[in-house]
Amino acid sequence: MTHDTDPLKRPRIRARPTPVRSTYRLQLRPDALTFADARAIAEYLQQLGISHLYLSPILTAAHGSTHGYDVTDPTTVSAALGGPPGFKALADEVRSRGMGLIVDLVPNHVGVADPRQNPWWWNVLRNGRESKFAHFFDIDWSAANGAGGRLALPVLQSENDPAKLTVDRSGPEPMLALHDLRFPIAPDTDGDNALRIHDKQHYRLVSWKSGLCTYRRFFAISSLAALRQEDSEVFEATHRELAAWCDHDLIDGVRVDHPDGLAYPSSYLAKLRQLIGPHRLLLVEKILANREPLDPTLPVDGTTGYDALAGLGGVLIDPAGEQALTELSRRVAGHGSDRAWFGETEHRIKRAVAETILAPEIRRLVEAIKRDAGVPDSDTLSLTNATIEVLAFMPVYRVEYTPLAGMTGAIIAEVERRNAELTAPLSVLVAALATDGEAAVRFGQVCGAMTAKAVEDTMFYRAARLVSLQEVGGNPARFGHSLNEFHLANIDRAQRWPATMTTLSTHDTKRGEDVRARIGVLSQVASIWSRAVDSWLEMAPAPDGSTALFVLQNMFGVWPADGRPASSVPGLRERLHLFAEKAVREAGTRSCWEDPDAEFEAAVHGWIDAVIDGPVGAELSDLTHDLAPHAWSDSLAQKLLQLCGPGIPDLYQGCELWEDSLVDPDNRRPVDFSARTGMLQSLTGTPALDPSGAAKMWIVAYALWLRRERPDCFVSGTYQPLFATGEQARRLVAYTRGRVGEAAEVLVAATRHSVGLAESGWADTTLELPQGTWTDRLTGHTFTGRTRLEKMFARLPVALLVRS
């Protein structure tokens with residue numbers, strides 16, 4: 001499925017793809033979900049009401065990859081998933097059902113963990129700067145690169161590894177061998193022992209702890225080498241397959257992975273838009289900082305939905321629990337995980353990240369600054385310090401987007417105000433950025449990497465006040481969102497980005513949507529939770545308070561709600577151990593990936609077993625059981641608010657039922673679609689709110705069917721907030737949707753802060769319905785005029801009303 005002509009000049013076959021009403025994210029993997037497997041569940045997804053299958057990356061990836069983001073050959077469709085015939089068959093299958101496909105594109109990097117699997121990388125290692133693919137990668141070949149002008153590969157596990165190098169002569173060409181890894185030998189450099197052969201290569205194997213890496217990576221992951229999409233030849237080669245998919249009418253949209261890593265994201269997206277045409281959906285994995293707007297000049301339809309996720313979960317958080325949970329965090333973790341702590345900690349961790357795992361990127365940036373400023377002899381130490389300080393104060397991933405104009409100047413001014421000694425090196429930085437050359441590009445790329453590694457991958461594992469807020473694109477320093485804020489964000493989304501994606505779970509979220517919803521309920525019972533934690537830590541003393549508070553919340557989030565002991569749930573104990581190990585290493589306070597503390601980690605594992613098997617586990621079961629109805633209420637609320645709100649809702653695979661996923665790879669476990677198909681077909685009446693998850697599937701299906709029935713009410717439809725009156729008015733979230741210029745046709749209502757209703761009920765609280773007769777699609781009940789909420793929510797904590 002390839003062409004030899006320029007993809008940008010190819011005619012388009014179909015001008016208007018199938019309209020996207022909703023998407024269903026599938027994590028394809030050779031061992032569990034291939035193109036053929038996706039075809040087999042297409043009928044189920046059609047019955048569920050989905051309009052488009054949203055596929056994880058489908059180009060050839062590393063052998064056995066369960067995610068596909070480590071693409072090794074961007075010019076071919078993965079044979080392990082079914083190859084071009086399998087992809088074509090899947091596209092034909094969904095098209096025959098009136099559905100379509102969205103594909104996930106990975107332009108920033110390719111997988112190089114095993115050089116033999118990546119022909120471009122292998123050629124560069126073999127031929128060095130003379131390789132025809134050398135300019136595809138962002139490599140520093142300068143003599144001062146720390147590796148003597150060679151390509152430094154941080155793959156050695158210890159200083160003694162070079163002594164283990166051998167020459168593998170089993171194939172047509174000899175290769176250097178290190179354990180299971182193989183590396184090419186340049187022409188005319190064979191004929192000696194392995195160490196001397198290695199010294200003659202274009203590459204140099206170095207320790208992964210050395211801080212030496214001479215190629216740009218994805219963040220600090222040395223097994224993912226970045227591509228130079230700013231080069232037209234690279235763009236053409238890596239997008240040839242995409243162009244063919246568009247030509248053959250196989251796809252209706254594209255999701256772009258990590259565009260902020262590219263040299264010129266805006267220019268890249270403009271070229272991509274030209275390639276796919278004006279009508280296909282184009283979404284970017286753009287992580288927006290707190291109150292950062294998406295650049296309206298970008299030729300995209302929106303983001304992948306992390307910004308919506310923060311609001312959907314945030315509006316369900318009870319602000320009344322902030323003080324008690326802050327005090328608990330301060331008492332147990334040693335800090336409050338509050339606004340002041342986040343501000344101080346983010347700056348400190350960003351500096352640490354820059355000085356350690358991103359040291360190679362910082363060194364290369366500083367050298368570019370010196371060159372662009374025309375001061376090659378500038379004081380490297382002071383310039384490095386000044387550059388890191390500016391980057392550490394940046395509140396966004398990248399600053400060159402239109403709405404952020406002037407931010408760099410403001411940050412530099414603040415750094416200078418704090419430390420006048422940095423005035424001179426800051427002047428060098430300013431001079432370099434003014435040239436809009438290499439330094440400006442690398443500044444933006446390093447800024448995003450620092451933010452991701454410091455905030456999401458470190459700080460979000462250290463904070464312990466309410467971990468459901470610690471999500472990609474979230475701002476846990478803010479304890480939830482008000483009703484007014486929620487509605488205004490939705491109004492803005494409806495007006496400015498009607499086709500943006502919204503989501504509650506992805507392959508990158510720190511925990512699944514129902515786990516977050518249950519943890520969020522703790523904001524409503526903060527005092528009860530606080531007393532329980534104090535008691536549990538007396539019964540089962542933990543090796544570290546912060547770790548314990550963090551892990552206990554996640555344990556509560558996945559604990560069985562049906563009364564079973566956690567020890568009886570297959571695989572749960574192992575999953576919790578793996579999660580805790582990752583959490584303590586990401587936090588980096590008591591252990592880390594670079595130098596794990598085996599003794600501390602063993603103590604954490606022992607404590608987890610003590611919790612599961614002891615009296616703490618029994619009390620955790622009781623609390624989970626007692627709060628389960630409120631957790632389910634919040635899960636249904638955020639789901640319905642998402643499915644009917646502005647934007648195009650994405651359902652992550654399996655999340656039409658209750659799910660208990662933690663961070664990856666836990667959230668990429670295979671999904672039982674047979675069970676889901678059976679449940680969908682067996683639903684005959686409003687289900688009970690119970691552990692089966694039938695109520696969630698009921699709501700998902702009816703919401704998706706309504707989107708299919710009345711599409712003009714949703715994407716591009718109107719949005720109007722509604723407010724209740726009465727004693728419990730603040731516990732309702734409601735809005736209407738409708739066609740532009742016409743009366744509203746759909747009314748969505750959901751319960752928030754339900755714990756407080758357990759004793760008082762809705763009392764005199766009512767909602768004035770717009771004119772007409774309204775029927776709840778979920779229960780069949782009919783309402784008109786001023787409606788008592790105790791009647792509206794008699795069966796379920798949510799309502800989906802349609803004007804008759």
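How many aromatic pairs does the count come to?

Modeller: Keep in mind as we go that this is a predicted model. The count comes to 22 aromatic pairs. Let's take one of them: Trp-120 and Phe-136 form a pair that is edge-to-face, with 4.8 Å from centre to centre and 80 degrees between the planes. This pair links distant parts of the chain, with Trp-120 sitting in helix H4 (residues 119-127) and Phe-136 in the loop between H4 and strand E7 (151-156), 16 residues apart. Both Trp-120 and Phe-136 are buried.

Now look at another pair, Trp-529 and Trp-536. Their ring centres are 5.5 Å apart and the planes meet at 85 degrees; the cut-off for edge-to-face is over 60, so this pair is edge-to-face as well. How covered are the two residues? Trp-529 has a relative accessible area of 1%, and anything under 20% is called buried, so Trp-529 is buried. Trp-536 comes in at 2% relative accessibility, so by that cut-off Trp-536 is buried too.

Start with Glu-93 and Arg-97, whose side chains meet in a salt bridge at 2.9 Å, N to O. Glu-93 has a relative accessible area of 18%, which puts Glu-93 in the buried class, while Arg-97, at 25%, is partly exposed. Next come Arg-228 and Glu-230, with a salt bridge of 3.4 Å, N to O. Here Arg-228 is partly exposed at a relative accessible area of 23%, and Glu-230 is also partly exposed, at 36%.

Asp-492 counts as partly exposed at 33% relative accessibility. Arg-496 reaches 59%, and exposed means over 50%, so Arg-496 is exposed. Salt bridges can also join up: Asp-138, Arg-216, Arg-364, Arg-371, Glu-438 and Arg-442 are linked in a network of them.

Some charged residues take part in a patch instead. Glu-594, Asp-595, Asp-597 and Glu-599 form a negative surface patch. One of them, Asp-597, is found in the loop between helix H21 (572-587) and helix H22 (598-613). With a relative accessible area of 31%, Asp-597 is partly exposed, and residues in such patches need over 30%, so Asp-597 clears that cut-off.

While you're looking at loops, check the backbone. Most residues other than glycine have a negative phi, and most peptide bonds are trans. Against that background, Asp-436 has a positive phi of about 55 degrees although it is not a glycine. You'll find Asp-436 in the loop between helix H15 (423-434) and helix H16 (438-462), and at 59% relative accessibility Asp-436 counts as exposed. Ala-763 has a positive phi too, near 50 degrees. Ala-763 lies in the loop between helix H26 (757-760) and strand E22 (766-776) and is partly exposed, at 25% relative accessibility. For a cis peptide bond, go to the one from Asp-664 to Pro-665, where omega is near 5 degrees. Pro-665 is in the loop between strand E18 (648-652) and helix H24 (673-682).

Leu-316 is in the loop between helix H9 (306-314) and helix H10 (322-333), and Leu-316 is buried, with a relative accessible area of 3%. Leu-316 and Arg-752 are 436 residues apart in sequence, yet their C-alpha atoms are 5.4 Å apart in space. Pro-797, in the loop between helix H27 (789-792) and strand E24 (798-803), is buried as well, with a relative accessible area of 11%. Pair Pro-797 with Ser-232, 565 residues away along the chain, and the C-alpha atoms are separated by 54 Å.

Notes
Residues are numbered from 1 along each chain as its sequence is written. This is a predicted model: local features need pLDDT of at least 70, side-chain atom pairs count only at pLDDT 80 or more; totals for chains, interfaces and linings use all residues. Side-chain values use heavy atoms; hydrogens and water are left out. Patches are made of residues with over 30% relative accessible area and no salt bridge: like charges are joined within 9 Å, nonpolar side chains (Val, Leu, Ile, Met, Phe, Trp, Tyr) within 5 Å. Accessible areas come from the Shrake-Rupley method with a 1.4 Å probe; for residues, only the protein chains shown count as cover. A salt bridge is a side-chain nitrogen of Lys or Arg within 4 Å of a carboxyl oxygen of Asp or Glu. Lys and Arg count as positive and Asp and Glu as negative; His and the chain ends are not counted. The place of a charge is taken as NZ of Lys, CZ of Arg, CG of Asp or CD of Glu. Helices (H or I, at least four residues) and strands (E, at least two) are DSSP runs, numbered from the N terminus. Buried means under 20% relative accessible area, exposed over 50%, partly exposed in between (1.4 Å probe, protein chains only). Rings of Phe, Tyr and Trp (its six-membered ring) pair if their centres lie within 6.5 Å; planes under 30 degrees apart count as stacked, over 60 as edge-to-face and the rest as tilted.
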